[in-house]
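Please consult the sequence and the structure shown here alongside the text.

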Amino acid sequence: MVSGDVKVANRKFKEYFGFSPRLLNPQDAQSLTGFSVGGICPFALPDGIEVYLDHSLRRYETVYPACGNSQSLIQVTLSELAEYSNSRGWVDVCIEPPVDG
């Protein structure tokens, strides 16, 4: 999971995970996660789907991940997000967001 205002840095992602990132098409996303694009929830994922949390999320006290469809979300703290998603840990795979000012 990454913050919605950042982009994945291809090089950083590949160095960490060993392969290049790519977006799934909607059909593959649905079949792999059980959720449609826009509602992919980091909780209740099928076995074998690992969740990692990017450092870009640490700028916030709470975050609002989707909860199964594009019309629902839940407010959670970062520690709750890590717990409920069974996160494998924190990673640094994004381009830093611009600093205001």
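The points below proceed from the chain as a whole to individual residues.

The model is predicted: local features require pLDDT of at least 70 and side-chain atom pairs count only at pLDDT 80 or more, whereas totals for chains, interfaces and linings use all residues. Residues are numbered from 1 along each chain as its sequence is written, and side-chain values use heavy atoms, with hydrogens and water left out.

**Overall architecture**

- The protein chain contains 3 helices and 4 strands; these are DSSP runs numbered from the N terminus, with helices (H or I) of at least four residues and strands (E) of at least two.
- Read from the N terminus, the order of elements is α-α-β-β-β-α-β.
- The radius of gyration of the protein chain is 14 Å, close to the 13 Å given by the globule rule for 101 residues, so the chain is as compact as a globular protein of that length. The radius is taken over C-alpha atoms, and the globule rule is 2.2 Å times the number of residues to the power 0.38.
- The C-alpha trace spans about 40 × 30 × 25 Å along its principal axes.
- Of the 101 residues in the protein chain, 29% are buried; buried means under 20% relative accessible area, exposed over 50%, and partly exposed in between, with a 1.4 Å probe and protein chains only.
- Among contacts (heavy atoms within 4.5 Å) with a separation of 6 or more, 62% join residues 24 or more positions apart.

**Nonpolar cores**

- In soluble globular proteins, nonpolar side chains tend to be buried together.
- A nonpolar core is here a set of buried Ala, Val, Leu, Ile, Met, Phe, Trp, Tyr and Cys residues joined through side-chain atoms within 4.5 Å.
- The largest such core has 10 residues, namely Phe35, Cys41, Phe43, Val51, Leu53, Leu57, Val63, Val76, Leu78 and Leu81.
- A second, separate core has 6 residues, including Phe13, Tyr52, Val93 and Cys94.
- Leaving aside residues up to four places away in sequence, Val51 touches Met1, Pro42, Leu45, Ser85, Ser87, Arg88 and Gly89.
- Ser85 is placed in the loop between helix H3 (78-84) and strand S4 (90-91) and is buried, at 6% relative accessible area.
- Beyond four places in sequence, Ser85 touches Pro42, Phe43, Val51 and Leu53.

**Aromatic pairs and a charge over a ring**

- Rings of Phe, Tyr and Trp (its six-membered ring) pair if their centres lie within 6.5 Å; planes under 30 degrees apart count as stacked, over 60 as edge-to-face and the rest as tilted.
- By this rule there are 7 aromatic pairs. In one of them, the rings of Phe13 and Phe17 have centres 4.7 Å apart and planes at 40°, so the pair is tilted.
- Phe13 and Phe17 both belong to helix H1 (residues 10-17), 4 residues apart, or about one turn of the helix. Phe13 is buried, at 15% relative accessible area, whereas Phe17 is partly exposed, at 24%.
- The ring centres of Phe13 and Phe19 are 5.5 Å apart with the planes at 80°, so this pair is edge-to-face. Phe19 is partly exposed, with a relative accessible area of 48%.
- One aromatic cluster is formed by Phe13, Tyr16, Phe17, Phe19 and Tyr52.
- Arg58 lies over the face of Trp90, 4.1 Å from the ring centre; a charge sits over a ring if NZ of Lys or CZ of Arg is within 6 Å of the ring centre and within 35 degrees of the ring normal.

**Helix H2 and its ends**

- At the start of helix H2 (residues 26-33), a side-chain oxygen of Asn25 comes within 3.0 Å of the backbone nitrogen of Gln27.
- Gly34 follows H2 and has a positive phi, near 90°.

- Tyr84 is located in helix H3 and is partly exposed, at 41% relative accessibility.
- Tyr84 and Pro42 are 42 residues apart in sequence, with their C-alpha atoms 8.0 Å apart in space.
- Not counting residues up to four places away in sequence, Tyr84 touches Phe43 and Val76.
- Asp92 lies in the segment after S4 and is partly exposed, at 38% relative accessibility.
- Asp92 and Ser56 are separated by 36 residues in sequence and by 7.7 Å from C-alpha to C-alpha.
- The contacts of Asp92 beyond four places in sequence are Lys12, Asp54 and His55.
- The side chains of Asp92 and Lys12 make a polar contact at 3.0 Å; such a contact is a pair of N or O atoms within 3.5 Å, where within protein one must be able to donate a hydrogen and the other to accept it, and residues adjacent in sequence count only if both atoms are side-chain atoms.
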